[in-house]
Amino acid sequence: DTEGLLRIKEENQKHYRRAQRHQEKKEKIQRHNRKLGDLVEKKTYDLKTQYEHLANLRRTHILELTSVIFPIEEVKTSMRDPADMSSESDNAMTSSTVSKLAEARRTTYLSGRWVCDDHNGDTSISITGPWITLPNNGDYSAYYNWVEEKKTTQGPDMEHNNPAYTISAALCYATQLVNTLSLILDVNLPKKLCNRQVNVEFCGENLSRHRFTRAVKKLNANILHLCFSQHVNLDLLHPLHTLRNLMYLVSPDTENLGR
């Protein structure tokens, strides 16, 4: 029993010395982990700083791009809302008539259905200049009508101020701007609509309504995707408002622009 007790004591001493070595290793690993934690925290802070710096650079480039090359702004028309002219209207016109007229101006017949237009139809959005605009409510029927007339009318088109031309030009510029923004923001677009296809998609004289509408839907989807990536207020967006959504995206008031 005495010999067995001695052997047990020797084994216990070995285990004790081994436990001490393990404790030293544990403390060494803990010190190493603390150093790594401090390093990771420092790297995370540096990375966050670099992200903020990159976001500011992107924001600066985008604001320069949209102020020099692709300025987007709201163009007011001379039309006035009937509700605003109620005091100036004839006494025979009742308030209900005024309200019905105002409601009628806020709706647009688009692609076989009535669409509500919150902006009252009295504005349009221009890109690269006040002469190149898109309808605020997304109604591109002027382009469809022009294509149909081109099919039936022979000879050159001498009406250079045709709204179909401004619609084509505005959609081309919007596509070029969206593709450039995707490169600056490093955001992959869900729909393929490259600059080489712009002239074919929007400026062709023999485009069918289906093909033109499909290209517009691609452009609207890409714009909405960019707006979502930059955390644009969803209450401001509308699926059919092409340039208005783009205007909200590149606005200096967009806090997360460049993220």
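The crossing of helices H4 and H6 is left-handed, meaning that the near helix is turned anticlockwise from the far one by less than a right angle (clockwise would be right-handed). The axes of H4 (residues 163–185) and H6 (residues 209–229) come within 10 Å and cross at roughly 35°. Axes here are lines fitted to C-alpha atoms, for helices over the stretch in contact, with angles from 0 to 180 degrees between N-to-C directions. Helices (H or I, at least four residues) and strands (E, at least two) are DSSP runs, numbered from the N terminus.

This is a predicted model, in which local features need pLDDT of at least 70 and side-chain atom pairs count only at pLDDT 80 or more, while totals for chains, interfaces and linings use all residues. Residues are numbered from 1 along each chain as its sequence is written, and side-chain values use heavy atoms, with hydrogens and water left out.

Contact means heavy atoms within 4.5 Å. Among the residues making the contact are Leu171, Val178 and Leu181 of H4 and Phe212, Val216 and Ile223 of H6. By class, 11 residues of this contact are nonpolar, three are polar and none is charged. Ala, Val, Leu, Ile, Met, Phe, Trp, Tyr, Cys and Pro count as nonpolar, Asp, Glu, Lys and Arg as charged, and the others, Gly among them, as polar.

The largest nonpolar core has 42 residues, and Leu171, Leu181 and Phe212 are among those with the most contacts inside it. Such a core is a set of buried Ala, Val, Leu, Ile, Met, Phe, Trp, Tyr and Cys residues joined through side-chain atoms within 4.5 Å. Buried means under 20% relative accessible area, exposed over 50%, and partly exposed in between (1.4 Å probe, protein chains only). H4 supplies the largest share of the core, 10 residues.

In helix H7, eight of eight residues are buried. They pack against E1, E4, strand E5 (133–135), H4 and H6.

Glutamate 74 lies in strand E1 (residues 72–76) and arginine 244 in H7 (residues 242–249), so the pair ties together parts 170 residues apart in sequence.

The structure holds two salt bridges. Aspartate 46 and lysine 42 also meet in one (3.1 Å, N to O). These two are four residues apart in helix H1 (residues 2–69), which means about one helical turn separates them.

Conventions:
Salt bridge = Lys/Arg side-chain N within 4 Å of Asp/Glu carboxyl O.
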